[in-house]
Amino acid sequence: MIHNILETIGETPLITIPNSNTADEGRILLKYERFNPGGSIKDRPALYIIQEAERKGLLKPGGTIIESSSGNFGISLAMIGAARGYRVIILADPKTTSANISVLKAFGAEVIIVTEKDDSGSYHKTRITQANKLAQEIPNAYRPDQCFNLLNRETHYKNTAQEIMHACSDKIAVFITAVSTGGQLGGISKYLKTFAPHVHIIGVDAEGSTIFGGEAKSYKIPGVGLSWTPLNLDVNYVDRIFKVKDEHAFIAARSIARHEGILIGPSSGACVMVALKVAQELGPDKQVVCMVADGGDRYLSTLFNDEWMKKQHFSLSVNTEMVRATASKLIPWSENPQGCANYRTDLIKSLNVPKSTLKMNQETVNRSLLNRERSEIID
Ligand SMILES: Cc1ncc(COP(=O)(O)O)c(C=O)c1O
């Protein structure tokens, strides 16, 4: 018997896509995070960070959780807040879908829409600044701070990566995931490069995001991108970066729904596009693990709305051969991620990152150094 919904987080399946992936190429496995109770991968860091905050006395009974999120992380926190009895305030923005706002409210979260854009034309920095300000004003408040809190990547290092390795062992040849806060890519790449260094690590960003440099422009893939390289990501563990166009992400996601019966969101569509390309370069004994951060049902009014797709001038074709041909033409944005990283430690001060986050980060770094020493001794 399950005593609490939060016990069902994690242990998600790896699923093949036999109608899109041919038998003579690398085998694509989708790590299907929609099966988490909050509907996305963000349940994992949300629970881990809240449990650590409770353990350290940073979040006390009756306390308030305040976070900047336009989607999945906010929903995960709202679910945890409902299950554990915390007040939850989410700073979202005009790009947040009405479906996400409804889910947040269903869990009892209060939603504040931040309308002021930052210097990169997105809402990330203004949302974070306002969340930090509110956290100083409201007594008994806690800021999980998914962007600057290194516990985000530690979650994936400690559980997501180990689940993947346990399921695939030495057959995994390539690991692919999308990037925003860098939690997934940061944690999983570090684990794989430490314990399975043969695995080729690929980060997927949106064309228009400047996590890995380049020209900033607006993009439509939700949940992906940032205007700097996130602290949670150590680019030394990453081999290649692809920047995917909006249309390619959306058509790949629609194709997977139609031909595999699997609902995936646009960020996962972007990852699938890259996985289809990479699989074409490998033999069938090699596995390509591709993260699916959330399900397509979060995007019914965009991804699965033909009128919306037409308005963006995106193709409505779900022809597998067309998607595979598009994938085969992709070229990496970078094969030297170290050379295009865009770290901005000055943001810690200018965005007023809470001292509690910085203190926890120090402890996380100390602990990971200890772990490295331990693993070196054991080896
Ligand atoms: C749908 C989706 N895909 C990918 C990501 C990127 O994950 P991360 O923040 O761990 O880099 C996010 C993050 O919010 C997301 O919501």
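Predicted model: local features only at pLDDT ≥ 70, side-chain atom pairs only at ≥ 80, totals over all residues.
Residues are numbered from 1 along each chain as its sequence is written, and side-chain values use heavy atoms, with hydrogens and water left out.

Let me begin with helix α5, residues 151-168, and helix α6, residues 183-195, whose axes come within 7 Å and cross at roughly 55°. That angle makes α5 oblique to α6, where oblique covers whatever is left once angles under 35 degrees are taken as roughly parallel, over 145 as roughly antiparallel and 65 to 115 as roughly perpendicular. Among the residues that meet here are H156, Y157 and I164 in α5 and Q184, I188 and F195 in α6, contact meaning heavy atoms within 4.5 Å.

Turning to the second pair, helix α7, residues 246-260, packs against helix α8, residues 266-279, at an angle of about 90°, with the axes 7 Å apart. That makes α7 roughly perpendicular to α8. The residues making this contact include F250, I251 and I256 of α7 and P266, V272 and M273 of α8.

Finally, the ligand: of the 14 residues around it, K42, S180, T181, Q184 and S267 come nearest, a residue being near if one of its heavy atoms lies within 4 Å. A backbone N or O atom of S180 lies 2.7 Å from a ligand oxygen atom, while a polar side-chain atom of Q184 lies 2.9 Å from an oxygen atom of the ligand.

Definitions and conventions. Axes fitted to C-alpha atoms, helices over the stretch in contact; angles between N-to-C directions. Helix = DSSP H or I, 4+ residues; strand = E, 2+ residues; numbered from the N terminus. Polar contact = N/O pair within 3.5 Å; in protein donor to acceptor, adjacent residues only side chain to side chain.
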